[in-house]
Amino acid sequence: MIKINTSNQHLVQPETFNLNAVSTRAADHFNFDRDTAEEEFKTLRKELIQLQYRLYAEDKQKLLIVLQAMDAGGKDGTIRNVFKGVNPQGVRVTSFKAPSKIELAHDYLWRIHKAVPPRGMIGVFNRSHYEDVLVVRVLNLIPEEQWRPRYAQINQFEKLLSDTGTKILKFYLHISKDEQKERLQARLDNPEKNWKFDSGDLVQRRHWNDYMSAFEEALQNCSTPYAPWYIIPADQKWYRNLAIMRVLVDTLRKMDCQLPQVKEDLTNIVID
Ligand code: AMP
Ligand code: MG
């Protein structure tokens, strides 16, 4: 079994921080090369597949993974790479888009609560309730007196999930503004990627600094012992994948899922 001793490396610390000062690159966090990282990633992915099998079989605990990032930050790529080979029956990915009329007619956690993982499952949120203190705040979709109380509400909601058997991990994929430019440019230049281009992303990009402030405050206010935030340096996809995989496998190891006790004596059973 690989020793994972760096899984808390990117955990949000209680003191205040400036996101612009946090590196988006692996070099400052990691002293191996890319090949070594990819080897470790593949080994851990095999273990993830086994650990997920036990989580599903045990059918008691739940794991929720929240992914947030700026556009082109790598949320889709993370899901594709990290969960490759995991039994799809045990994983449910939910992508949160701009809320529908019906969703807007309810409280903002209504659609979120419906999507949390049931027993035995891994739930992956591609965007989440955090949009309700990010895009909503940056674009002034509602007044501050409505979004400000949400940090405390979100903590209470996540505490409820935690108290009822959900392990929560939240990853902010941290890319630089230059890296975003390159990735958006690739969507324009590569016909295979054209479909991903959304001119709305350019509007969001103009608010980069406001987003960084909004992320800072969300991560600061809502990183708790029961639902921690991790800031993952994400300019290099291979490092991003490994850093997330390490936390995931380490967490599942600690969840220590057990195969269910066999209820009857199987030794003399003959199948005719
Ligand atoms: P994408 O992830 O590229 O498919 O885009 C989804 C879009 O939905 C993004 O522009 C998000 O900002 C937006 N979105 C997601 N959740 C919310 C929300 N609660 N309120 C407003 N916009 C949202
Ligand atoms: Mg998009």
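Before that, two sentences on the conventions. This is a predicted model, in which local features need pLDDT of at least 70 and side-chain atom pairs count only at pLDDT 80 or more, while totals for chains, interfaces and linings use all residues. Residues are numbered from 1 along each chain as its sequence is written, chains are lettered from A and ligands numbered from 1 in the order in which they are written, and side-chain values use heavy atoms, with hydrogens and water left out.

Let me start with the sheet. Helices (H or I, at least four residues) and strands (E, at least two) are DSSP runs, numbered from the N terminus, and two strands pair if DSSP finds at least two bridges between them. On that basis there is an open sheet of five strands, in the order β2-β3-β1-β4-β5, with parallel pairing. Its edges are formed by β2, residues 91-95, and β5, residues 229-233, each of which pairs on one side only. Averaged over the sheet and with direction ignored, neighbouring strands are turned by 20 degrees against each other, where axes are lines fitted to C-alpha atoms, for helices over the stretch in contact, and angles run from 0 to 180 degrees between N-to-C directions.

Among the individual partners, Ile65 is bridged to Val124 of β3, Val66 is bridged to Phe125, and Val93 has Val124 as its partner in β3. Buried means under 20% relative accessible area, exposed over 50%, and partly exposed in between, with a 1.4 Å probe and protein chains only. Five of the five residues of β3 are buried, so this strand is largely enclosed by the rest of the structure. In a regular strand the side chains alternate between the two faces of the sheet. In β3, Ile122, Val124 and Asn126 point one way, Gly123 and Phe125 point the other way, and all are buried.

Next, the interior. In soluble globular proteins, nonpolar side chains tend to be buried together. As for Tyr130, leaving aside residues up to four places away in sequence, it touches Val66, Gln68, Ile154, Glu158, Lys170, Ala218, Cys222 and Trp229.

Two of those contacts, Ile154 and Glu158, are also among the buried residues of α7, together with Arg150, Tyr151, Asn155, Phe157 and Leu161. Which way do the buried residues of α7 face, seen down the axis? They fall within an arc of 165 degrees, so they line one face of the helix; the arc is that of the directions from the helix axis to the C-beta atoms. The face turned away from this buried side carries the exposed residues Gln156 and Asp163. The buried residues of α7 pack against β1, α4 (110-114), α5 (135-138), α6 (144-147), β4 (166-174) and α10 (208-222). Helix α7 itself, residues 150-163, reaches 19 Å from its first C-alpha to its last, close to the 20 Å expected, the expected span being 1.5 Å times one less than the number of residues.

Finally, some backbone details. Most residues other than glycine have a negative phi, and most peptide bonds are trans. Arg127, although not a glycine, has a positive phi of about 70 degrees; Arg127 lies in the loop between β3 and α5 and is partly exposed, with a relative accessible area of 22%. Asn140 has a positive phi near 55 degrees, is placed in the loop between α5 and α6, and is exposed at 61% relative accessible area. After α7 comes Gly165, with a positive phi near 100 degrees, and after α11 comes Asp256, with a positive phi near 50 degrees.

Notes: Contact = heavy atoms within 4.5 Å.
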